[in-house]
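Subject: Structure handover

Hello,

Here is the structure I promised to pass on. Please open it first, then read my notes below.

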Amino acid sequence: MKEKLFLSPKIEVLSQGEGRGVFCREPIERGELVEESPLILLDNNKWEECDKDLLQYAFPWPELRDDWQDFCDEHGGILPLHASRPLLVLGYGMVYNRSAQYNVDFKIEKKLFTCNFIARCDIKEGDELLLIKGADTEDNERQPTKI
């Protein structure tokens with residue numbers, strides 16, 4: 001576990017109405033580390049049994065579930081949900097909104113027990129930092145904040 005985590009002074013959380021988002025205070029270059037966030041690994045390792053409201057904030061922890069073999073034997077293969085378990089990311093990691101036009105990638109660092117957020121492209125001052133919106137997300141997931 002990493003002792004001291006990085007949080008870029010170039011980002012801030014802003015609110016408008018009922019929404020929040022992470023925004024760029026000054027330009028960020030492609031490949032630049034934006035944040036290292038601590039993690040909480042949930043005891044319940046099944047996506048389908050987690051609280052639906054909590055799931056909109058969850059990230060995937062790469063790990064085969066205990067029941068993958070039974071499912072595989074019964075159905076002839078496993079689903080992506082069997083290859084990861086839900087994980088919560090603290091810090092600003094819980095505030096990033098999601099979009100198909102995302103500008104920040106994330107990487108789970110299992111050995112350091114962190115989630116690293118890295119700029120996918122150059123990000124201008126005032127732009128919102130957005131993570132990828134997965135293909136299987138629901139319409140009620142957090143959307144970019146308009147400021």
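The search for aromatic pairs gives 4 of them in this predicted model. One is formed by tryptophan 61 and phenylalanine 113. Their ring centres are 5.6 Å apart, and the planes stand at 65 degrees. Planes over 60 degrees apart count as edge-to-face, so this pair is edge-to-face. It links distant parts of the chain. Tryptophan 61 belongs to strand S4, while phenylalanine 113 sits in the loop between S7 and S8. The two are 52 residues apart.

Are these two residues buried or partly exposed? Tryptophan 61 has a relative accessible area of 6%. Buried means under 20%, so tryptophan 61 is buried. Phenylalanine 113 has 22% relative accessibility and counts as partly exposed. There is also a ring cluster, made by pairs that link Phe59, Tyr96, Phe106 and Phe117.

Glutamate 36 has asparagine 116 in S8 as its bridge partner.

The other open sheet to look at has 4 strands. Their order is S1-S2-S9-S6, and the pairing is mixed. Which strands stand at the edges? They are strand S1 (11-16) and strand S6 (97-99). Each has a single partner strand, so one side of each is left open, without a neighbour in the sheet. The twist here averages 55 degrees from one strand to the next. S1 pairs with strand S2 (residues 19-24) over 6 bridges, in the antiparallel sense. Valine 13 has valine 22 in S2 as its bridge partner.

Valine 34 is in strand S3 (residues 33-41). Its relative accessibility is 1%, so valine 34 counts as buried. Which residues does it touch, leaving out those up to four places away in sequence? The list is Phe6, Leu7, Ser8, Ile11, Ile28, Tyr96, Phe117, Ile118, Ala119 and Leu129. Take alanine 119 from that list. In sequence, valine 34 and alanine 119 are 85 residues apart. In space, their C-alpha atoms are 6.7 Å apart.

On to the charged pairs.

The whole structure has 9 salt bridges. One joins aspartate 67 to lysine 46, with the closest N and O atoms 3.7 Å apart. This pair links distant parts of the chain, 21 residues apart. Aspartate 67 is in the loop between strand S4 (58-62) and H2. Lysine 46 is in the loop between S3 and helix H1 (52-55). Lysine 46 is partly exposed, at 24% relative accessibility.

Aspartate 67 also forms a salt bridge with arginine 65. Their closest N and O atoms are 2.7 Å apart. Both arginine 65 and aspartate 67 are buried. A network of salt bridges links Lys46, Glu48, Glu49, Arg65 and Asp67.

A further salt bridge runs between glutamate 63 and arginine 85, with 3.0 Å between the closest N and O atoms. Glutamate 63 is in the loop between S4 and H2, and arginine 85 is in strand S5 (residues 84-89), so the pair ties together parts that are 22 residues apart in sequence. Glutamate 63 is partly exposed, with a relative accessible area of 29%. Arginine 85 is buried, at 11%.

Last, confidence.

The chain has a mean pLDDT of 86. Of its residues, 90% reach 70 or more. Where is confidence highest and where is it lowest among the elements named here? Strand S8 (residues 114-119) is highest, at 97. Helix H2 (residues 68-75) is lowest, at a mean of 84. Over residues 135-147, pLDDT stays under 50. The model still has 30 contacts beyond four places in sequence for that stretch. Where pLDDT is low, the predicted coordinates should not be read in detail.

Best wishes

How values were computed: Residues are numbered from 1 along each chain as its sequence is written. This is a predicted model: local features need pLDDT of at least 70, side-chain atom pairs count only at pLDDT 80 or more; totals for chains, interfaces and linings use all residues. Side-chain values use heavy atoms; hydrogens and water are left out. Two strands pair if DSSP finds at least two bridges between them. Axes are lines fitted to C-alpha atoms, for helices over the stretch in contact, and angles run from 0 to 180 degrees between N-to-C directions. Buried means under 20% relative accessible area, exposed over 50%, partly exposed in between (1.4 Å probe, protein chains only). Contact means heavy atoms within 4.5 Å. pLDDT is the predictor's confidence in each residue, from 0 to 100. A salt bridge is a side-chain nitrogen of Lys or Arg within 4 Å of a carboxyl oxygen of Asp or Glu. Rings of Phe, Tyr and Trp (its six-membered ring) pair if their centres lie within 6.5 Å; planes under 30 degrees apart count as stacked, over 60 as edge-to-face and the rest as tilted.
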